Amino acid sequence: MTSVNEINIGDKTNMHYYDPKENTNVSLIPKQLYPMHCKKVTTREVDVKGKHKAIVYNIIYEIAEECSQKKYPTENGEISGSAFVGKEIWANGIFMFLNPKPGDSFEANNGANERYLNFCETIRVECPDIEVDVDGEKRMVKQFPKLEESDIIGKPVMGFIDIQKYVKDGETRTSYKVKDFMAWTDGKVKDFAVADLPF
C-alpha cells in the first residue's frame with residue numbers, strides 16, 4: 001500500500017486534497033454590506049404590546065451576482081464576494097404600524113413607521129409629502145402605501161448582514177441576518193421568473 005509520503009503530488013488521479021478556492025460553503029463576513037435582491041416575502045398582522053396593530057413584512061434576500069466584484073476582509077486577508085453569490089438570507093421583520101379606523105380598539109403608532117418608510121424609499125417607492133390634521137394641528141407627513149409582494153420582489157438593496165444569536169432546544173446558536181438596508185443606487189431590478197427559466 002502506498003504511504004502518504006510516496007504519493008506523487010503532481011498526479012491528481014492519485015490524491016485527495018482540499019482547495020479553499022473551490023469551497024462554496026464559506027461563511028458570510030458579518031458587519032458588511034452585500035448587494036442583494038428581495039426574493040421572497042410573507043406578511044402577517046400582529047398585535048404589538050396590546051396597544052397597536054402592525055403588518056410585519058418578512059423578507060428573504062438573495063445575494064446578487066454583483067457581489068462577485070467585491071472583496072470582504074477575513075482573518076487571513078480577503079475573500080472574493082463570488083463565494084456568496086446566490087446565498088439566501090432572512091431579514092429582520094419590517095413593521096408597518098396601522099392607523100385605526102372608526103370603531104377600532106387599537107391606538108395609532110405612526111412615529112414608529114420610520115423603518116418602513118426607509119424601506120419604501122430604498123426600494124424606490126414614491127412617498128409623497130401630504131398635509132394631515134392631527135387633533136386640530138396641521139402637519140406635513142410622508143404618505144406611504146401598503147406594499148404588495150409585486151412592489152418588493154426583485155428590488156435591489158444593499159443589505160447589512162450581521163450575526164444573530166438565538167436559543168433552540170436549550171442551546172445557543174448563531175445565524176446570519178440582514179439587520180439593515182440602504183439604497184443600491186445602481187442596482188437593477190431582478191426578474192426572478194425569467195432568471196429561474198431552464199434556458
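1. Disulfides: taking a disulfide as a pair of cysteine sulfur atoms within 2.5 Å, the count for this predicted model comes to zero. The sulfur of Cys120 has its closest cysteine sulfur in Cys127, at 4.5 Å, and therefore the pair is too far apart for a bond. Cys127 is accordingly in no disulfide. Cys120 is buried, with a relative accessible area of 0%, and Cys127 is also buried, at 6%, where buried means under 20% relative accessible area, exposed over 50% and partly exposed in between, with a 1.4 Å probe and protein chains only.

2. Basis of the values: this is a predicted model, in which local features need pLDDT of at least 70 and side-chain atom pairs count only at pLDDT 80 or more, while totals for chains, interfaces and linings use all residues. Residues are numbered from 1 along each chain as its sequence is written, and side-chain values use heavy atoms, with hydrogens and water left out.

3. Overall architecture: the protein has three helices and ten strands, assigned as DSSP runs (helices H or I, at least four residues; strands E, at least two) and numbered from the N terminus. From the N terminus on, their order is β-β-β-β-β-β-α-β-β-α-β-β-α. Where contact means heavy atoms within 4.5 Å, 61% of the contacts between residues at least 6 apart in sequence join residues at least 24 apart.

4. Surface and burial: of the 199 residues, 31% count as buried. The accessible surface, from the Shrake-Rupley method with a 1.4 Å probe and, for residues, only the protein chains shown as cover, comes to about 13,400 Å², of which 49% belongs to carbon and sulfur atoms.

5. Nonpolar cores: a core here is a set of buried Ala, Val, Leu, Ile, Met, Phe, Trp, Tyr and Cys residues joined through side-chain atoms within 4.5 Å. The largest has 36 residues, and those with the most contacts inside it are Tyr34, Phe84 and Phe119. At least two residues each are supplied by β1 (32-48), β2 (52-63), β6 (94-97), α1 (114-122), β9 (156-168) and β10, with β2 giving the most, five residues. A second, separate core of five residues includes Val48, Ala54, Val56 and Phe97.

6. Phe84: setting aside residues up to four places away in sequence, Phe84 touches a group of residues including Val26, Leu28, Tyr34, Ile63, Cys67 and Tyr72.

7. Lys177: this residue lies in strand β10 (residues 171-183). Beyond its neighbours within four places in sequence, Lys177 is in contact with residues including Ile89, Trp90, Phe160 and Asp162. Lys177 and Ile163 are 14 residues apart in sequence, yet 6.3 Å apart in space, C-alpha to C-alpha.
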